[in-house]
Amino acid sequence: MEKELIIVESPTKAKTISGILGNKYLVFPTMGHIRDLPENEFGINIDNNFSPKYVIIPGKKKIVEKLKKLAKNSTNIYLATDEDREGEAIAWHVICLINKKIEEAKRVTFHEIVPEAVKEAFLNPRQISLALVNAQQARRILDRIVGYKISPILGKHLELGLSAGRVQSVALKLIVEREKEIESFIPEVYFIIRCEVEKNQEKIIFNLTKIREISIEKEKIKDQQKVNEIIEKLKQEKLIVIEKEEKIKKLSSVPPFITSTLQQEAINILNFSSTKTMFIAQQLYEGIEIEGKNIGLITYMRTDSPSIAKSAQIQALKFIKETFGENYLPEKPNIYYSKSKVSQEAHEAIRPTSVYRTPEKIKNYLNQDQFKLYELIWRRFLASQMTQAIIKNIKVSALNDIYTFEIEGNFIIFDGFLKLWPLKIEKGNPIIEKFEKGEELNVLKYFKEKKQTQPPSRYTESSLIKRLEKHGIGRPSTYAPIISTLYARRYVKKEKKFLVPLRMGRIVYEILNKFFPEIIEINFTAKMEEDLDRIANGEKNWIDVLKEFYNSFKLSLEKANQVINRDVLNKIIIGDKKCPLCNKELTIIKGKYGVFIGCSNYPNCKYNERIKENVNNSSNRSKKG
């Protein structure tokens, strides 16, 4: 008996869908992409409207042969690859390889792999969206053009294996430029003045905040003698409470996760890398075996929309009422909208497929990392549907002559969503509530503390993703691969949790910044992302976008190929630095084990510096020989 064929990407997803739809269907996984641009050639005919040459990915020929055979014997073909552009492209490549027309196959997408959503999708199939396919093709071709045209320049003058990705290079720029800010930062010493007050046998600290009503936050006190003089003056006068201000603040609940915020919180809370987070999320989405059945536990993890299906919201509100009580229900259900102009609101946020599938109930079916990430998603989603937290803020101001001292504290009146998603709130000492206006304070001592202005912090994976997202650079599917590539190329290392540019990364940045500034320009890259989104929405022609990009890019490329030579590289990489042994010129040298800096007076002087750090990311010191 002939079966209907469903094509998906992974065996786990195939197993989960088979369990939902039964024996009528044969579900076959492609194991990811099956066709792509060739590995060892450019593969794009620029003169023929950027026509791409696609080849079967090495190792996928047997899968393609099997697909053709199954397609030939199937009454219906369903393409159930993921609902994003990559999934759309995989579906299109499958159709091309099995020699079918677009209208001969049915495209089905679902945001969660649960019976209701899957069955609904199969009742309402559509055709492959060529707009989505073309957006993916345009991105792939753009990345190939940049990588294939710039990387050989780096290989020729530095060493093979270096690359310059279109979005990856912008991330590298951010990391390197932040490091330069830190290196050029000149710290300034300043002083803060505090006083220790006793109240009801408790000691509490007030801070000097104003002098003659002028905030010292803006005009920091940098003169130690002046600080000592102020303290002596303070000792001669009384400190009187002049104001006690109480405010009730309502703290709105956090939105449910989108891809970027999931990665950020998994990095901050669980110490997962962005790559690890997406790998585990994929497992939870595709299905985990629970009591003999594969069940999709979360919705699709590549999304930039915080919106929530009405049915999921109703279920969440019911669960909150049953578990925490009516006090935790908002007056009106919380609705979230994307800040992004190009967010696809038809997609959903990342949430559990059922809030009744609590982390504790399914803990025994998950490994430790799966449990941690699922619990994070579950708690975040429920918190997003809970009521506001109510916070009482108390600020006490006291005056000593012209010097204002303050103390402030927050007190949680009602926890609301904080019950499931605790936030860092500066809580106060309850004794603050006891102070009254007009009260003379019992000052035990005035004292100073020496402080120093701090440089900007290095990026973490979390803060880098946040910055990329803020500027519209990259999309949900690209954040983790961008960072992984920076590690793989040894442009960046992770030191504790911070991203530190390695020497080769800095050199690549300097070359790109000099010869391809537009490629790593934030606004230019963001505009390109917008163009790709417009292609996906059917608002722009993908070939026009490629032409517009290439016409300016080729001018930079031609100039770089003409101008870059050893002297230019020496100036970029070495500058005016001389050999520390003989004071002769230093120069870039390509050796058996890679590129390094050597003395131009070789063999009389054998001084050299390695450029590329060890594989374990530890820095090499200069060698003298």
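Biologist: Why does N601 count as partly exposed rather than buried or exposed?

Modeller: First, a friendly caution: this is a predicted model, where local features need pLDDT of at least 70, side-chain atom pairs count only at pLDDT 80 or more, and totals for chains, interfaces and linings use all residues. Residues are numbered from 1 along each chain as its sequence is written, and side-chain values use heavy atoms, without hydrogens and water. Buried means under 20% relative accessible area, exposed over 50%, and partly exposed in between (1.4 Å probe, protein chains only). N601 is partly exposed because its relative accessible area is 23%.

Biologist: Which residues does N601 contact, leaving aside its neighbours within four places in sequence?

Modeller: A contact means heavy atoms within 4.5 Å. With those sequence neighbours set aside, the partners of N601 are C582 and K584.

Biologist: How far apart are the C-alpha atoms of N601 and M386?

Modeller: Along the chain, N601 and M386 are 215 residues apart.

Biologist: How many residues of β21 are buried?

Modeller: β21 has six residues and is mostly covered. The buried count for β21 is five.

Biologist: Which residue in β21 stands opposite I588?

Modeller: Two strands pair if DSSP finds at least two bridges between them. β20 (residues 586–591) and β21 have six bridges and run antiparallel, forming a hairpin with two residues between them. In this pairing, I588 stands opposite I597.

Biologist: And which residue in β22 stands opposite G598?

Modeller: β21 also joins β22 in the antiparallel sense, through three bridges. Opposite G598 stands N608.

Biologist: Elsewhere there is an open sheet of four strands; which are its edge strands?

Modeller: The order in this sheet is β2-β1-β7-β8, with parallel pairing. Each edge strand pairs on one side only, and these are β2 (25–29) and β8 (106–107).

Biologist: What angle does helix α1 make with β2?

Modeller: Helix α1 (residues 11–21) packs on that sheet, touching β1 (4–8) and β2. Axes are lines fitted to C-alpha atoms, for helices over the stretch in contact, and angles run from 0 to 180 degrees between N-to-C directions. The direction of α1 makes with that of β2 an angle of about 170°.

Biologist: Stepping back, how many helices and strands does the protein have, and what does its C-alpha trace span?

Modeller: The protein has 18 helices and 22 strands. Along its principal axes, the C-alpha trace spans about 95 × 80 × 45 Å.

Biologist: What share of the contacts between residues at least 6 apart in sequence joins residues at least 24 apart?

Modeller: For background, the protein has 625 residues, of which 51% count as buried. Among contacts between residues at least 6 apart in sequence, the share joining residues at least 24 apart is 71%.
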